[in-house]
Amino acid sequence: MNSSPETNTEVLLARNLSTVFPGPDGILRVLNKLTFRIREGEFLAVLGPSGCGKSTLLRLMAGLLRPTSGEILYRGLPIREPLPDTGIVFQKANLMPWRTVWENIFLPLEVAGITPQESKERVRQMIELVGLEGFENTLPRDLSGGMAQRVAIARALINNASLLLLDEPFGSLDALTREQMEFELLRIWQAHRITAVLVTHSISEAILLADRILVLTPRPAQIQLDLEVNLPRPRQQNLRYTPEFAYLASQLHTAILERI
Amino acid sequence: MDLTFPGKVARKSLRRLRRQEIVVIPLSILLFVFLWEMIHRFSGLPAFILPGPQQVWLRFWGAVLDGSLLRHTWVTLAEVLIGLFLGALIASALGYLLAKSPTIERWLSPYIVASQAIPIVAIAPLLVIWLPTGLYSKILICALIVFFPILINTLIGLRSVPDDLRDLMRSLRANRWQTFRLLEVPAALPVLFGGLRIGAALAVIGAVVGEFVGADRGLGFLINVGRGQFDTSLVFVAVFSLIFMALALYGVVILLELRFLRWQKRNDQTDLLVEKR
């Protein structure tokens with residue numbers, strides 16, 4: 001499969017996007033006039049230091065927050081509320097502890113008014129996709145961090161989402177599980193080829209997964225660097241040890257350190 | 001729904017009680033009765049001051065056989081259950097309203113807090129005067145006494161719903177009813193059950209207070225009768241029945257918790273007083 005996005009259709013457009021929160025002393029400027037676009041089928045990583053407003057940006061895309069000024073458009077229409085074809089994976093798996101794996105994945109369908117009987121096949125497919133066969137009736141308390149995040153990914157995709165938003169999904173996992181989950185995500189994304197936005201502060205995670213990386217400055221965040229990742233897909237584990245990878249990583253590293 | 005619930009869960013919870021406790025609890029009861037018998041025998045107190053275990057046991061069977069104990073227990077139990085139910089229902093509904101609307105909370109919270117400053121024993125006579133004779137005043141006292149803990153626990157429970165899960169429901173475009181049913185109720189349930197446990201014990205106290213003030217039936221009334229007739233054994237019988245009732249109610253709440261909060265992590269040892277989380 002080719003590495004470049006299949007089309008150049010623009011899915012998401014942000015223009016002069018600014019967000020201001022009431023802060024302890026007056027106002028807290030979080031995002032400062034961001035302008036960027038995301039193409040159909042693109043995997044975009046948003047990279048930046050902690051607390052720079054990456055998550056705020058994601059919440060704007062999710063329709064959970066409205067911009068203070070500027071606009072953010074999804075397929076030409078302003079995002080005012082959560083859209084039906086957006087799936088979100090949160091920082092922590094954010095599962096309902098009283099629901100089993102099956103019931104957690106079924107939740108979006110239940111909210112959409114689909115009965116469990118009608119959902120059986122769809123849920124089964126998702127469980128198979130994320131590799132959780134046999135854990136259908138397990139409660140979140142008995143899942144490892146990585147497994148819980150698999151459930152969260154399945155839950156985000158079950159609505160046939162065409163925009164997947166990931167908010168530092170693997171931040172709380174240990175290093176080895178994290179690597180494993182990054183490849184899981186890569187595999188799942190390659191099977192679905194939907195537009196994905198990943199917020200992360202891990203340089204290697206961004207390079208490994210993304211077609212393009214936006215580097216944000218510290219608050220108030222602006223776009224410091226918009227970097228294409230021209231590495232071939234499907235990407236393999238040993239990509240980390242290639243000179244191309246190292247070159248990109250050092251570029252990103254310099255860009256981030258410059259502003260701290 | 002698990003239709004086999006009471007038996008299954010009871011068995012499970014029994015298994016959770018350590019074997020040690022199964023031995024210790026009867027032993028401690030036995031020791032208590034023994035000490036009581038010793039005090040009764042060697043203190044020389046007359047039976048109308050301190051009856052012995054044997055006399056109370058006989059009085060108990062007497063009251064059971066003439067049907068009076070069951071009749072009075074039934075009355076008190078009805079007051080407690082109806083009062084607990086109504087109090088819990090109104091308190092949790094109002095708690096939901098207060099959690100949802102800061103404006104309502106600001107207007108009502110002074111009254112709610114002040115209502116807690118009124119000793120229920122002090123206003124019980126008023127309620128008995130104002131309400132028609134029968135169970136009404138006792139039910140109201142029960143409802144009032146369970147109201148506050150359940151209201152507060154509803155409020156705390158709803159506030160403890162994680163913001164991330166609220167965001168999740170919003171992102172799924174869930175409506176208010178779906179958010180209530182699928183998120184708020186299950187998330188608030190553990191804390192709500194905590195309020196219900198306290199409420200169950202308090203409701204029994206409420207019923208007895210009401211019956212003391214003015215009643216012609218119920219276990220509180222039975223205590224008054226026993227005292228008036230120097231039938232101290234009867235007082236003991238009524239007191240033990242009340243203790244048993246409160247324990248049974250508490251046990252029912254714990255069984256409900258085990259059924260509805262199965263998803264919670266529990267230690268294999270269930271402590272009688274406080275759940276170890």
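Val215(A) has 25 C-beta neighbours inside 10 Å and therefore counts as buried, the cut-off for that class being 20 or more. The model is a predicted one. Val215(A) lies in strand 9 of chain A, which covers residues 212–216. Val46(A) is 169 residues away from Val215(A) along the chain, yet the C-alpha atoms of the two are separated by 6.0 Å. Leaving out residues up to four places away in sequence, Val215(A) touches Leu47(A) and Gly48(A), then Gln224(A) and Leu225(A), and finally Leu252(A), Ala255(A) and Ile256(A).

**Nonpolar cores**

The largest nonpolar core contains 78 residues. Met61(A), Ile105(A), Val197(A) and Ala210(A) are the residues with the most contacts inside this core. Helix 4 of chain A contributes the largest share, eight residues.

With residues up to four places away in sequence not counted, Ile105(A) touches Val123(A), Met126(A), Ile127(A), Val151(A), Ala154(A), Arg155(A) and Ile158(A).

**Helices 4 and 5 of chain A**

Helix 4 of chain A spans residues 145–157, and helix 5 of chain A spans residues 175–192. Their axes come within 10 Å and cross at roughly 20°. Angles under 35 degrees count as roughly parallel, so helix 4 and helix 5 of chain A are assigned to that class. The crossing of helix 4 of chain A past helix 5 of chain A is right-handed.

On the helix 4 side of chain A, the contact is made by Gly145(A), Gly146(A), Gln149(A), Arg150(A), Ile153(A) and Leu157(A). These meet Thr177(A), Gln180(A), Met181(A), Glu184(A), Leu185(A), Ile188(A) and His192(A) in helix 5 of chain A.

**Contact between chains A and B**

Between the two chains, 16 residues of chain A are in contact with 13 residues of chain B. On the side of chain A that touches chain B, strand 6 (86–89) and helix 2 (101–111) of chain A each supply at least two residues.

| Contact | Nonpolar | Polar | Charged |
|---|---|---|---|
| Side of chain A that touches chain B | twelve residues | two residues | two residues |
| Helix 4 of chain A with helix 5 of chain A | five residues | six residues | two residues |

Terms used: Residues numbered from 1 in each chain as written. Chains lettered and ligands numbered in written order. Predicted model: local features only at pLDDT ≥ 70, side-chain atom pairs only at ≥ 80, totals over all residues. Contact = placed C-beta atoms within 7 Å. Helix = DSSP H or I, 4+ residues; strand = E, 2+ residues; numbered from the N terminus. Nonpolar A, V, L, I, M, F, W, Y, C, P; charged D, E, K, R; others polar. Axes fitted to C-alpha atoms, helices over the stretch in contact; angles between N-to-C directions. Parallel < 35°, antiparallel > 145°, perpendicular 65-115°, else oblique. Left-handed = near helix turned anticlockwise from the far one by under 90°. Core = buried A, V, L, I, M, F, W, Y, C linked by C-beta atoms within 7 Å. Buried ≥ 20, exposed ≤ 12 C-beta atoms within 10 Å, placed from the backbone.
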